[in-house]
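Please keep the sequence and the structure in view while reading.

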Amino acid sequence: MSQRVFITGYGIITSIGKNTQENFQSLTLRRCGFGELSILDTIHQKDLPACEIKLHDQELREAAGIKTEKGYTRTALLGLLALQEAIHSAGLSLTDIRNSGLISATTTGGIREFEKFFYQITDLQQQGDFDQFTDTANPGEHCERIADHVGIRQCIATVSTACSSSANAIMQGAQLIKAKKIDRVICGGAEALSKFTVNGFNSLMIVDPEHCRPFDNTRKGLNLGEGAAYLVLESEALVNQKRRKPLAELKGYGNANDSFHLTASSPEGTGAFNAMNLALSVAGFSAADVDYINAHGTATENNDLSEGMGIQRLFREQVPYFSSTKPYTGHTLAAAGSIEAVFCMMALQHQIIWPNLNFSSQMQEITISPVREMMQNTVLKNILSNSFGFGGNTSSLLFSLV
Amino acid sequence: MDERQHYYINGIGIISPQKTFEHDQFLQEICAYESNVLTCIIPSFKTYISPGQLRRLSRMHRIGLTAATMCLRDANVQVPDGIITASGYGFLEETEKFLTEMLERNEKQLTPTYFIQGTYNALAGLIALSTKCLGYNNTYVSKGFAFENALHDVMLQLSENSTSNFLVGSSDEAAKVLYAIGMRAQYYKVENIPNLKLFDSQTTGTIQGEGSAFFMVSGAPSATTWCAIKDLQMVYTPQHEGEFNLALTSFLEVNKIKLSEIDVWVSGASGNIEHDHLLHHLEKTVLQQTPQIRFKHLCGEYCTAVSFGLWIGASILKKQSIPDILKVSTPEFSLEKIETVLIVNQYLNRNYSFVLLKK
Amino acid sequence: MQQSIEELTAELREQLIEQLNLEDIIPESFDENTPLFGEGLGLDSIDSLELVVLLDRNYGIKLKDPKEGRAVFYSIRSMAEYIHNNRAQA
């Protein structure tokens, strides 16, 4: 018999709050993180606003309790803060942590520091304090650093599948538990804004200088964001030993490839359909069992069309409530899957459906539209959370009330 | 009943600093390098990739996609059921091109091609596109564990569906910018050393390598099977020799393998006297009686170099021979029948792994 | 003296081949009227982004909306005409 997989804690930091409580409040008050950039040093501070966490690295270091140790990139700091909250929320002891795995996701790792000190680092004649960031530009570094900091020694892995990365990290954690390879894995992702990503997405001409409008007919692109979130996944066996009730069960997951184009999703939503369909079949559910979909909904022309078509194709006449929370946090790339998984946890715990902000005009190609106002007192049992990315990567997670 | 599942390598494609892309050869010609950087010997890409696709691929994408295509052909599989890639640093040459262009042009007038090419999952996406594979797709970028994570993921996927064919592979490039990083971080040797003399060296640091190796792994053997993977384990930052030796003996115990059954062990020694110390300790203790081979003098060191080691192990089991260039003098090799191969790798003395292979 | 459309087409041909690595795929029949996208040369959305930057870098012409490019980038001839008509007068 394979093990069931439960979520027993989580932690989060985004532009709408530096912990769970602040994020929850902002979501209910429709408070967004969108605005001019002031911490990231770029010429696009004013013309490409984004969802930035208004804390300098030094403030993040203090919040994470790092005094003198060097080499912590902003990505690692954000990740560490969210992870610390997740550990606390699940009530893990030091021994528990030692016996946990860590699967983290990022697309940029420490590129922010690398772009800042590029000329110094690559000139071997130069010496200085920048030296601490010599080898932090690779994506795996943040994961090992966080693991070392908190004392995780088992099962260390970093996933990078563009914007679906942390959904895949969570899925891998669930599969490890299911196959009885490990009893507890902390899964999620961390992503700091960088000039590299701001300019990269700008060169693709998919950044909207205005506040993004997912699933709206007038949508013009995404807003970038930064943040981190981690979920503590535990096996049924472990949960049975504890007295605490788990927060939710991870019942299903699906990972597929759209195989259409390196940077564009298929207009008919093949990958989206397959990922959601797989998640349902792993859970043994039919489409009618899904109460809410937290959509990927980046507000790019291409994603929302592809995802909308995929949803319509799978759910036909019975499309559940759906919304994208990207207007709140921006698109946090590799961290989006875990941040939105946390929003799904909150939705289940409080029986709330989060609104899709900035929607006003119906997309012409599809007949469905997202939830516009916060919905309370609905019955939420099963939620799908979608995360899609470049390279055709599409993933979907299915969370259920315990 | 308690026989654990095996995973079969049913095809391989590998491009490396040696001439490894033709399977009828097994290290018969050896490429010697005078500098500390080893780069791939490449086949003609046009045999494997269409001109339309080629024009937008960087050198490393070409190498990776070609290795993957060779693997598919070797395994006689048209469309794999899933694709998992691994890389420590991704496509650093392209990342650097976008970054320097961004810095030099002060964030203005940038083209997206290098940005797209630098994405870590670009290779897995490209393979999915060229094989029209709609199945599972993942990319691990966990430094010295990236390939092991990918292989472990394949084993997980196959435990849910054992008849599937999963394409799993590595790619890491000897980027110039990585050489600068590595020199500053003291990963590479300061003095110049010919690669074939790597293990005579008594200094710290190693030599820079690169490569891409793809494996078709399935829960069932086929007519093209190379060998079986029995098990895999990672050990993160072992603190001392005792802990590491114990990890190995427990791994063998779980797999019911006696030390005497291991015909040869493949050491991932990198020629760095400090980083290799746990492996040196193994050869003097637990594996004292087991013949040893090494491979990083042929491919150089990189995050996913263990994939070159896996090709070595699989080739030894398939061809039942061990090229002299791999052998470490003692103890004697008896070449009657090779049935069990153990790979023990290390990266930066932080990421350790064991891979157990059977004929 | 402003470049003629003929001079521009010749120049653009070289720039396109270089910027988009077309050397190995450009057919013998390719001329200034061959459609660059779809059934013609088969360029895609990433190429059109490259062309947007090419217009900006080499001719000082900014296209804000990639959709605007569809007509402009129809062929080398249409590109040359667009540049001829929209180039900032020196």
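Predicted model: local features only at pLDDT ≥ 70, side-chain atom pairs only at ≥ 80, totals over all residues.

Chain A holds 13 helices and 14 strands. Its C-alpha trace spans about 65 × 50 × 40 Å along the principal axes.

The chain is divided into domain 1 (5-241) and domain 2 (252-400). Taken over C-alpha atoms, the centres of domain 1 of chain A and domain 2 of chain A are 21 Å apart. Contact between the two involves 63 residues of domain 1 of chain A and 63 residues of domain 2 of chain A.

The size of an interface is often given as the accessible area lost when the parts come together. For domain 1 and domain 2 of chain A, the buried area is about 4900 Å², and carbon and sulfur atoms give 68% of that. On the side of domain 1 of chain A, the residues that lose the most area to domain 2 of chain A are A:Leu27, A:Phe215 and A:Arg219, with 18% of what that side buries between them.

Across this interface of domain 1 of chain A and domain 2 of chain A there are 2 salt bridges. A:Glu373 and A:Arg30 form a salt bridge in which the closest N and O atoms are 3.3 Å apart. Polar contact across the interface of the two domains of chain A comes to 28 residue pairs. Several elements of chain A each supply at least two residues of the side of domain 1 that touches domain 2, including strand E1 (5-14), helix H1 (20-28) and helix H7 (165-178). H7(A) gives the most to this side of domain 1 of chain A, with 9 residues. By class, the side of domain 1 of chain A that touches domain 2 of chain A has 28 nonpolar, 26 polar and 9 charged residues.

## Chain B and its two domains

In chain B, the domain assignment gives domain 1 (7-218) and domain 2 (227-358). The centres of domain 1 of chain B and domain 2 of chain B, taken over C-alpha atoms, lie 22 Å apart. Here 51 residues of domain 1 of chain B are in contact with 44 residues of domain 2 of chain B.

The two domains of chain B bury about 4100 Å² between them, with 71% of it on carbon and sulfur atoms. Which residues of domain 1 of chain B lose the most area to domain 2 of chain B? They are B:Phe26, B:Phe145 and B:Phe199, together 20% of what that side buries.

The count of salt bridges across the interface of domain 1 of chain B and domain 2 of chain B is 0. There are 14 residue pairs in polar contact across the interface of these domains of chain B. Strand E1 (7-15), helix H6 (146-160) and strand E5 (212-218) of chain B each supply at least two residues of the side of domain 1 that touches domain 2. H6(B) provides the largest share of that side of domain 1 of chain B, 7 residues. That side of domain 1 of chain B divides into 24 nonpolar, 21 polar and 6 charged residues.

## Contacts between chains

| Interface | Buried area | Share from carbon and sulfur atoms |
|---|---|---|
| Domain 1 and domain 2 of chain A | about 4900 Å² | 68% |
| Domain 1 and domain 2 of chain B | about 4100 Å² | 71% |
| Chain A and chain B | about 5200 Å² | 59% |
| Chain C and chain A | about 560 Å² | 67% |

Between chain A and chain B, 67 residues of chain A are in contact with 58 residues of chain B. In chain A, the residues losing the most area to chain B are A:Glu144, A:Arg153 and A:Phe196, together 13% of what that side buries. How many salt bridges are there between chain A and chain B? The count is 5. B:Arg184 forms a salt bridge with A:Asp131, and their closest N and O atoms are 3.0 Å apart. Chain A and chain B also have 35 residue pairs in polar contact. The side of chain A that touches chain B has 26 nonpolar, 28 polar and 13 charged residues.

Between chain C and chain A, 10 residues of chain C are in contact with 6 residues of chain A. C:Ile46, C:Leu49 and C:Lys67 supply 56% of the area that chain C buries against chain A, more than any other three residues. Chain C and chain A have 0 salt bridges between them, and 1 residue pair is in polar contact across the interface of chain C and chain A. The side of chain C that touches chain A divides into 5 nonpolar, 1 polar and 4 charged residues.

How values were computed: Residues numbered from 1 in each chain as written. Chains lettered and ligands numbered in written order. Heavy atoms only, no water. Domains from an automatic or database assignment. Contact = heavy atoms within 4.5 Å. Buried area = accessible area lost by both parts, 1.4 Å probe. Salt bridge = Lys/Arg side-chain N within 4 Å of Asp/Glu carboxyl O. Polar contact = N/O pair within 3.5 Å; in protein donor to acceptor, adjacent residues only side chain to side chain. Helix = DSSP H or I, 4+ residues; strand = E, 2+ residues; numbered from the N terminus. Nonpolar A, V, L, I, M, F, W, Y, C, P; charged D, E, K, R; others polar.
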